[in-house]
Amino acid sequence: MSDAYVARLPRRGVVALSGPDARGFLDNLMTTNIAADPGAAVFGGLLTPQGKLLFDFIVFQDGDRLLLDVARDEIPALIRRLGLYKLRAKIEIADVSDQFTALAAWGADEPPVREAIVARDPRLAALGWRALVPAGEDIAPGTTEVAAAAYDAHRIALGVPEAGIDFAFGEAFPHDADMDALAGVDFAKGCFIGQEVVSRMHHRGTAR
């Protein structure tokens with residue numbers, strides 16, 4: 001059996017942000033900086049003003065738009081929340097989950113798909129690859145397709161939690177979810193929603 005595995009993740013959906021202000025808009029809200037490298041993905045989240053994690057996502061850059069790999073059940077709430085902050089920003093926000101399948105792959109030096117938006121998982125190198133594959137695209141030959149449960153076993157063995165499964169949205173601080181250790185919080189960037197509480201927890205080890 002091949003040592004390269006890929007799992008489709010039907011519990012994940014995709015939200016697209018497009019328009020001239022999309023990058024700056026999201027960058028000002030989320031806990032990390034969107035990478036300058038177009039081939040890189042970024043892990044981050046959106047917090048309450050009190051620092052609790054409302055949503056987490058992996059951000060891919062697809063030309064002029066951003067694609068957020070996010071928990072499918074949370075997409076309507078995420079779109080509503082982003083709409084609250086949109087104001088006059090020149091952006092379009094859309095659920096494009098019907099256009100993509102989210103994949104996780106590990107054990108391979110190369111991506112397991114030919115036509116996809118794919119990057120190394122930004123949280124931990126050992127997690128492998130993360131990809132958004134157009135509907136109907138096949139995986140590469142020599143890759144063993146496994147159930148999503150096998151991916152869960154893989155990430156759990158690496159100590160990587162997933163929101164909505166291992167902890168509830170709206171109840172945990174980023175530190176509770178190991179986001180500080182998984183490149184999910186940039187403590188050097190400017191302000192983001194909930195930044196003051198998260199910074200205090202990081203530097204002082206306390207939160208009220």
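Let me start with an open sheet of five strands, in the order S8-S9-S7-S1-S10, with mixed pairing. Two strands pair if DSSP finds at least two bridges between them. Strands are DSSP runs of E with at least two residues, helices are runs of H or I with at least four, and both are numbered from the N terminus. The edges are strand S8 (117-120) and strand S10 (144-146), each pairing on one side only. On average, neighbouring strands of this sheet are turned by 25° against each other, direction ignored. Axes here are lines fitted to C-alpha atoms, for helices over the stretch in contact, and angles run from 0 to 180 degrees between N-to-C directions.

A word on the source: this is a predicted model, in which local features need pLDDT of at least 70 and side-chain atom pairs count only at pLDDT 80 or more, while totals for chains, interfaces and linings use all residues. Residues are numbered from 1 along each chain as its sequence is written, and side-chain values use heavy atoms, with hydrogens and water left out.

Back to the sheet. S8 pairs with strand S9 (residues 129-134) in the antiparallel sense over four bridges, and Val 118 stands opposite Ala 131 in S9. Helix H3 (residues 148-157) packs on this sheet and touches strand S1 (5-8), strand S7 (100-106), S9 and S10. The direction of H3 makes about 50° with that of S7. Contact means heavy atoms within 4.5 Å.

Now Arg 130, in strand S9. Is Arg 130 buried or exposed? Arg 130 is buried, with a relative accessible area of 2%. The cut-offs are under 20% relative accessible area for buried, over 50% for exposed and partly exposed in between, with a 1.4 Å probe and protein chains only. The side chains of Arg 130 and Asp 69 are joined by a polar contact of 2.9 Å. A polar contact is a pair of N or O atoms within 3.5 Å; within protein, one must be able to donate a hydrogen and the other to accept it, and residues adjacent in sequence count only if both atoms are side-chain atoms. Leaving aside neighbours within four places in sequence, the contacts of Arg 130 include Leu 103, Val 118 and Tyr 151.

Also in this sheet is Ala 102, found in strand S7. Ala 102 counts as buried at 2% relative accessibility. Beyond four places in sequence, Ala 102 touches residues including Asp 69 and Ala 131.

Next, the aromatics. The structure holds two aromatic pairs. In one of them, Trp 106 and Tyr 151 have ring centres 6.0 Å apart and planes at 45°, so the pair is tilted. Rings of Phe, Tyr and Trp (its six-membered ring) pair if their centres lie within 6.5 Å; planes under 30 degrees apart count as stacked, over 60 as edge-to-face and the rest as tilted. Trp 106 is in strand S7 and Tyr 151 in helix H3, 45 residues apart. Trp 106 is buried at 10% relative accessibility, and Tyr 151 is buried at 1%. Together with Tyr 5, Trp 106 and Tyr 151 form one aromatic cluster.

Five strands form an open sheet in the order S3-S4-S5-S2-S6, with antiparallel pairing. S3 and strand S4 (residues 53-62) pair over six bridges, and the bridge partner of Phe 43 in S4 is Ile 58.
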